[in-house]
Amino acid sequence: MGDVLRWCGAKGVGVARYVDRDRHDWLGTVGKLAVFVGIVLVALLVVYPERGFLPTFLLILAGLWTYVSLMAHHSGYVCTSCHKVFRVPTPVNFFSTSSVGKNADGTYYSYKLLTCPHCAQRTKARLVKRAAATATPRGGPRS
Ligand SMILES: [Zn+2]
């Protein structure tokens, strides 16, 4: 019951489950990063010589914003104080820095210093992947 996430306002958000990130997600992260790097390269090599500094800067900013939105879309953060999962709006995600911590078993995880909306504590909120609703399609052929 406590997992019902409403305040992100997206359609189709009911009970969302969150799981830890695995290697596949890191590859996905790298893929999105590659898209962002591509945008930056286009901006620097094509837009900058023709249009100058400001359009280049805006394009890079737009690319970065898109990248952050893509990342945030599939992610949530777990409060280390109350262990509830919450999502952050893109602007907050955009302006907050991400850090990497190490698990006891030697693997790594990402976290951000965020203020939890549930308990109002500022904690090292750990990044988790949202178990996609598309993974469990409703109204399949068997229904
Ligand atoms: Zn909390």
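1. A quick definition before anything else: a residue counts as buried if 20 or more other C-beta atoms lie within 10 Å of its own, exposed if 12 or fewer, and partly exposed in between, with C-beta atoms placed from the backbone. Histidine 83 counts as exposed because it has 12 C-beta neighbours inside 10 Å. Its place is in the loop between strand 2 and strand 3, and its phi is near 65°, a positive value in a residue other than glycine.

2. Some ground rules. This is a predicted model, where local features need pLDDT of at least 70 and side-chain atom pairs count only at pLDDT 80 or more, while totals for chains, interfaces and linings use all residues. Residues are numbered from 1 along each chain as its sequence is written.

3. How much of it can you trust? The average pLDDT (the predictor's confidence in each residue, from 0 to 100) is 79, and 80% of the residues score at least 70. Over residues 1–13 the pLDDT is below 50, and beyond near neighbours in sequence this stretch has twelve contacts in the model; two residues are in contact if their C-beta atoms, placed from the backbone, lie within 7 Å. Residues 132–140 also have a pLDDT below 50, with one contact in the model beyond near neighbours in sequence. Where pLDDT is low, the predicted coordinates should not be read in detail.

4. Now the layout. The protein has three helices and six strands, taking helices (H or I, at least four residues) and strands (E, at least two) as DSSP runs numbered from the N terminus. Read from the N terminus on, the order is β-α-α-β-β-α-β-β-β. Of the 143 residues, 13% count as buried. Among contacts between residues at least 6 apart in sequence, 54% join residues at least 24 apart.

5. Helix 2 (residues 53–73) is worth a look. At 1.5 Å a residue, its 21 residues should span 30 Å, and its end C-alpha atoms are 30 Å apart, so the two agree; the expected span is 1.5 Å times one less than the number of residues. Thr56, Val68 and Ala72 are buried in this helix. On the face turned away from the buried side sit the exposed residues Ala62 and Ser69.

6. Which way do the residues of strand 2 point? From strand 2 (residues 75–78), Ser75 and Tyr77 point one way and Gly76 and Val78 the other, and all are buried. In a regular strand the side chains alternate between the two faces of the sheet. Two bridges join strand 2 to strand 3 (residues 85–86), and the two run antiparallel; strands pair if DSSP finds at least two bridges between them. Tyrosine 77 has phenylalanine 86 as its bridge partner in strand 3. These two strands form a hairpin with six residues between them, and histidine 83 is in the turn.

7. Strand 4 (residues 98–102) and strand 5 (residues 108–115) pair in the antiparallel sense over five bridges. Serine 99 has tyrosine 111 as its bridge partner in strand 5. Five residues separate the strands, and glycine 106 in the turn has a positive phi of about 95°.

8. Leucine 127 lies in strand 6 (residues 122–131). Leucine 127 is buried because 23 other C-beta atoms lie within 10 Å. Leaving aside neighbours within four places in sequence, leucine 127 is in contact with Arg21, Ser75, Tyr77, Tyr109, Ser110 and Tyr111. Serine 99 is 28 residues from leucine 127 in sequence and 9.9 Å from it in space, C-alpha to C-alpha.

9. What makes up the largest nonpolar core? The nine residues are Tyr18, Tyr77, Val78, Cys79, Val85, Cys116, Ala125, Leu127 and Val128. A nonpolar core here is a set of buried Ala, Val, Leu, Ile, Met, Phe, Trp, Tyr and Cys residues joined through C-beta atoms within 7 Å. Strand 2 and strand 6 each supply at least two residues of this core, and strand 6 gives the most, with three.

10. Alanine 120 is exposed because it has 10 other C-beta atoms within 10 Å.
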